[in-house]
Each structure stands twice: as structure tokens, then as C-alpha cells.
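Thanks for coming. I will go through one structure, element by element, and keep it short.

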Amino acid sequence: MINALDGVVDDDMVAHTYGRAGHWEVLSVASQTNQRMVIGKMPKLGDFPAQRIDCTLSKEQSEKLVEAMEILWIQFGLRM
């Protein structure tokens with residue numbers, strides 16, 4: 001995931017959760033503040049099978065989800 005987000009190998013050790021909505025999770029890495037990845041939400045501990053939810057979205061839907069997360073961060077006075 002770090003490579004897909006163009007992360008810096010020596011600096012980015014993990015993809016951070018930027019936000020969650022419904023069945024989706026938006027990830028980012030610290031070195032690439034303009035890159036986001038939308039994936040299926042992580043399963044709860046003890047869920048069977050322990051796998052991420054299939055989150056088929058169109059490109060436009062993914063972009064809208066990321067835009068909504070960015071608006072929420074701004075509304076709460078944070079900039080990531």
C-alpha cells in the first residue's frame with residue numbers, strides 16, 4: 001500500500017487511516033499528503049472470515065469519498 005501511495009521507503013513505515021465511512025477506509029502516508037487510497041474497511045477482531053469488505057467503487061465515487069473526508073478534516077480545524 002505504501003508503494004501504491006508513492007511513499008518513501010525509509011520514512012513511511014505504515015499507511016495511516018485518513019478516515020472511514022460505511023464499508024470504506026481512506027488511507028494516506030505522511031510523505032505524500034496529496035495521495036489517498038480507498039479500500040474496503042478492515043474487519044473487526046474475531047470476524048470470520050477475517051478479510052476486508054469488497055468495496056467496488058467507480059473512480060468518481062472514490063474521489064467524492066476522499067473529498068468528503070477532506071472537508072470533514074477542514075471542518076474540525078485539522079489539515080492532513
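Start with the helix, and look at what covers its buried residues: that cover includes β1 (16-21), β2 (24-29) and β3 (32-40). Please keep in mind that this is a predicted model.

The helix itself is α1, residues 59-75. It has 17 residues and reaches 24 Å from its first C-alpha to its last, close to the 24 Å expected at 1.5 Å a residue.

Which residues of α1 are buried? They are Ser62, Leu65, Val66 and Met69. These residues cover an arc of only 95 degrees around the axis, which puts them on the same side of α1. After the helix comes Gly77, with a positive phi near 80 degrees.

Now the sheet. It is open, has 3 strands, and its order is β1-β2-β3 with antiparallel pairing. Why does one side of β1 and of β3 have no neighbour in the sheet? Both stand at the edges, each with a single partner strand, so one side of each is left without a neighbour there. On average, neighbouring strands of this sheet are turned by 25 degrees against each other, direction ignored.

Take the pairs in turn. β1 and β2 run antiparallel and are joined by 5 bridges. In one of these, Gly19 has Val26 in β2 as its bridge partner. The two strands form a hairpin with 2 residues between them, and Gly22 in the turn has a positive phi of about 55 degrees. β2 and β3 also run antiparallel, and 5 bridges join them. Here Val29 stands opposite Gln32 in β3.

How does the helix sit on the sheet? α1 lies across β1, β2 and β3, and runs at about 105 degrees to β1.

Is Cys55 buried or exposed? Its relative accessibility is 16%, and buried means under 20%, so Cys55 counts as buried. Setting aside neighbours within four places in sequence, Cys55 is in contact with His23, Trp24, Ile39 and Gly40. For a sense of distance, Cys55 and Glu67 are 12 residues apart in sequence and 17 Å apart in space, C-alpha to C-alpha.

That is the end of my part.

Definitions and conventions. Residues numbered from 1 in each chain as written. Predicted model: local features only at pLDDT ≥ 70, side-chain atom pairs only at ≥ 80, totals over all residues. Heavy atoms only, no water. Helix = DSSP H or I, 4+ residues; strand = E, 2+ residues; numbered from the N terminus. Expected span 1.5 Å × (residues − 1). Buried < 20%, exposed > 50% of the residue type's maximum accessible area, 1.4 Å probe, protein only. Arc of directions from axis to C-beta. Contact = heavy atoms within 4.5 Å. Pairing = 2+ DSSP bridges. Axes fitted to C-alpha atoms, helices over the stretch in contact; angles between N-to-C directions.
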